[in-house]
Amino acid sequence: MTAGTVPGATGEQSVMYVYGVARASPGRRFASAGCEGIVPEASVDPLVQGELTAFVSAVPADRFGASGFRSALKDVEWLKDRILAHEKVLEELMSSDDIVPFRFGTIYLDSSQVANALARHRAELRQALERIQGTSEWGVKVYCAADVLRCRIESESAAIRRLRGALAQASPGARFFLQKKYAKALDGEVAATIAGCVARIGRGLDAFACESTEVEAQPAAAHGRSADMVMNAAYLVTKGSLPQFRQTSAALRKECAAHGLELELTGPWPPYHFVSIRQEGVADAAASDQ
Amino acid sequence: MQRHPTNRDQLALSELLDRALNKGVVLWGDATISVAGVDLIYVGLKVLLASVDTAERLRQNARATASADTEAAE
């Protein structure tokens, strides 16, 4: 293929958007081949290099090229649809194949450059494919409305009730210190309740996952809830363990709810958190043309 | 699936902030022309906030329309 042009494209300059990598199965038609790509008019095509297949779309260089993509990133409506499209393509691919997901926005100049990258990183990519074989990723986020939990503990905890009783009868002089003690004890019980739930969830789910990883808790701006995110984790689960994993998470969800915490399970996701190939340090064209 | 049916895009975006924008394979080759040096998390957060705004505006509009209808009916 000639650099910068792709058969079927309308003769405009195009570049190659990469979604992820699967094992090559020569001669096989991928179910996903031909599905809608990162932009509606782009198809998703397999690009075979040795024993690996990259799934790619030829996309217009004016939007996805070095400088075009950077300015395109400022258009939030456009970008939102692209992020969701990237995910949708990977979800379709993973319904029939093990797939190593690439980060959003991985773009090469042309298909020979994609093939070169696959050849250069053949060993790591094969390892990554082995690691995620027959699995999917599941997300667990736990939210806690601290004020609700606080009220619950204030009415339910015997120790806290005792302290409140003492506080009510305290002399004005002793009151100040008792007040401090009360607040500290309450904070302590809130923290202990949260920590206990989080530990139980971790232990319970780890039993049915082949790998797990903590994820940084999101700020309220990202998750958009009034409750705080007190746990964020990703689990890699084999197809065989999935029913037990889901049952356990449903049971833990109930258990947490009794303590005023909400467990949210999402998935199946492409195994983003369990493919850790990162090779950086090469200044890209976009960086150098600014 | 435990995904929110009503709010799928919103939820998907906040999940993708952790995933498609933060994780996944990164192979910067000589020919990679994408997002090296771009803080995708920050970019994604802006997208998310913009869509929260949009959803909130739609809700408010719906509420405004509903109350206008009620007033008109009275």
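Q: How does helix 6 of chain A pass helix 8 of chain A, in a left-handed or a right-handed crossing?
A: The hand tells you which way one helix is turned against the other: the crossing is left-handed if the near helix is turned anticlockwise from the far one by less than a right angle, and right-handed if clockwise. Here helix 6 of chain A and helix 8 of chain A make a right-handed crossing. Before we go on, please keep in mind that this is a predicted model, in which local features need pLDDT of at least 70 and side-chain atom pairs count only at pLDDT 80 or more, while totals for chains, interfaces and linings use all residues. Residues are numbered from 1 along each chain as its sequence is written, and chains are lettered from A and ligands numbered from 1 in the order in which they are written. Helices (H or I, at least four residues) and strands (E, at least two) are DSSP runs, numbered from the N terminus.

Q: At what angle do the axes of helix 6 and helix 8 of chain A cross?
A: Two packed helices are described by the angle and the distance between their axes. Each axis is a line fitted to C-alpha atoms, for helices over the stretch in contact, and the angle runs from 0 to 180 degrees between N-to-C directions. For helix 6 (residues 146-156) and helix 8 (residues 172-206) of chain A, the axes cross at roughly 115 degrees and come within 10 Å. Angles under 35 degrees count as roughly parallel, over 145 as roughly antiparallel, 65 to 115 as roughly perpendicular and the rest as oblique. Helix 6 and helix 8 of chain A are therefore roughly perpendicular to each other.

Q: Which residues of helix 6 of chain A meet helix 8 of chain A?
A: A contact is scored when the C-beta atoms of two residues, placed from the backbone, lie within 7 Å. On the helix 6 side of chain A you find A:Ala146, A:Leu149, A:Arg150, A:Ile153 and A:Glu154, which meet A:Leu186, A:Glu189, A:Val190 and A:Thr193 in helix 8 of chain A. Sorted by class, these residues are five nonpolar, one polar and three charged. For the classes, Ala, Val, Leu, Ile, Met, Phe, Trp, Tyr, Cys and Pro are nonpolar, Asp, Glu, Lys and Arg are charged, and the others, Gly among them, are polar.

Q: How is helix 7 of chain A placed against helix 8 of chain A?
A: Helix 7 (residues 158-169) of chain A packs on helix 8 of chain A at about 165 degrees, with the axes 10 Å apart, and the two are therefore roughly antiparallel. Their crossing is left-handed. The contact divides into nine nonpolar, one polar and four charged residues.

Q: Where does chain A divide into domains?
A: Domain bounds come from an automatic or database domain assignment. In chain A, domain 1 covers 14-133 and domain 2 covers 136-273. Their centres, taken over C-alpha atoms, are 37 Å apart. Seven residues from domain 1 of chain A and five from domain 2 of chain A form the contact. Helix 3 (residues 76-94) of chain A gives the most to the domain 1 side, with three residues.

Q: How many residues of chain B are in contact with chain A?
A: The contact joins 41 residues of chain B to 51 residues of chain A. On the chain B side, helix 1 (8-18), strand 1 (26-27) and helix 2 (40-73) each supply at least two residues. The largest share, eleven residues, comes from helix 2 of chain B. By class, the chain B side has 23 nonpolar, ten polar and eight charged residues.

Q: Is B:Leu13 buried or exposed?
A: A residue is buried if 20 or more other C-beta atoms lie within 10 Å of its own, exposed if 12 or fewer, and partly exposed in between, with C-beta atoms placed from the backbone. B:Leu13, found in helix 1 of chain B, is buried, with 23 other C-beta atoms within 10 Å. Leaving out residues up to four places away in sequence, B:Leu13 touches A:Lys80, A:Ile83, B:Val47, B:Leu48 and B:Ser51.

Q: Which residues does a cis peptide bond join in chain A?
A: Most peptide bonds are trans. The bond between A:Gly267 and A:Pro268 is cis, with omega about 0 degrees. A:Pro268 lies in strand 9 (residues 261-269) of chain A.
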